[in-house]
Amino acid sequence: MTRTADALMGAYVADAATLGIHWLYDPQRIARLGQALWREPDPADFDGAEGIFVHHGKRAGDISQYGAQMRAMIRTMADGPFEASTYHEQVVAAFGSGGWWHGYIDKATRGTLAHIASGRTPTGAHDDQIPALSGLPALIATGASAATCAQAVAQISHHDTTAAYAPAATEALRAAMAGRGIAEALASGLDAAGRAARDPLAAALACTDDPIAHAGETGRACPLPQALPVAFHIAATAQGYTEAVEINARVGGDSCGRAIFLGALFGAGDPSPPLWTARLREGPALAAEIDALARTHEPS
């Protein structure tokens, strides 16, 4: 499971690296800050700029709520094949009252918690944003089928737009974890995209603009019609893991949301630099959980 373990750690590292400028929508401000990666979260960085600061109390090296969502899925899958009831337990254990996650909780997760509490089916919030994809690296690392991935995504985001975009991310990640190159992985993702997602993703791959300019046209925000095309464009542009993470930070907006996909996509074949991995504040605990996941899903 070395390649898939590297993908999971790559997702955590990419997420944590961009925490300090997460949801700062001003690329010019980000450029003026100088250090974009591993920046101590500071509301002053957002003063007078487009964006919202939500990571009060977090420190450089912490994961965002997206990383916490992936962690909930890793813990779910460490028990064996995906079960919605186990996932619900892990979501509540993380984000519910008294949960281990202390920080911002996004709309999709709040809606999911409400639906779990009320017993509503389907559980997922009616939401088309990128939190829906945060669990995919863990699912694919354990060999989950496309149908299982779709079922799991629907537990946090039950929306037609999500259903069109999630298969593209699923199959791109699956191809990368199977050892295929980035271009081939993105092509696999495009082939799997639903009708509503295919043209925006194809346009992102064909675009020759600078990623910052492309994001300015497409949008830097959380909805999947913005977030995944921007992530595909960054992936098609970057030459390796480090550059993908750096470009993602400079683009601005929902950088942590895109980071889970990008970090896993590139990390599968180009592991995160050891010095970066060492900066994760919970790195040893996260690595131990990835190892536990690997032991659960070792071929018999």
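User: Which helix gives the largest share of the lining of the largest pocket?

Analyst: H8 does, with seven residues. This is a predicted model, where local features need pLDDT of at least 70, side-chain atom pairs count only at pLDDT 80 or more, and totals for chains, interfaces and linings use all residues. Residues are numbered from 1 along each chain as its sequence is written, and side-chain values use heavy atoms, with hydrogens and water left out.

User: What makes a residue part of that lining?

Analyst: An atom within 4 Å of a pocket point. A pocket is an open set of points on a 1 Å grid where a 1.4 Å probe fits, with protein on both sides within 12 Å along at least five of seven lines. Here 16 residues line the largest pocket, with Ala150, Val153, Thr162, Ala163 and Ala166 nearest its centre. Its space comes to about 220 Å³.

User: Why are H12 and H13 called oblique?

Analyst: H12 (residues 224–237) and H13 (residues 241–251) pack at about 140°, axes 9 Å apart. Under 35 degrees counts as roughly parallel, over 145 as roughly antiparallel, 65 to 115 as roughly perpendicular, and the rest as oblique. H12 and H13 are therefore oblique to each other.

User: How do you know which residues meet there?

Analyst: Contact means heavy atoms within 4.5 Å. Val230, Ile234 and Thr237 in H12 meet Ala244, Ile247, Asn248 and Val251 in H13. By class, that contact has five nonpolar, two polar and no charged residues.

Conventions:
Axes fitted to C-alpha atoms, helices over the stretch in contact; angles between N-to-C directions. Helix = DSSP H or I, 4+ residues; strand = E, 2+ residues; numbered from the N terminus. Nonpolar A, V, L, I, M, F, W, Y, C, P; charged D, E, K, R; others polar. Points joined across faces, edges and corners; volume = space filled by probe spheres on them.
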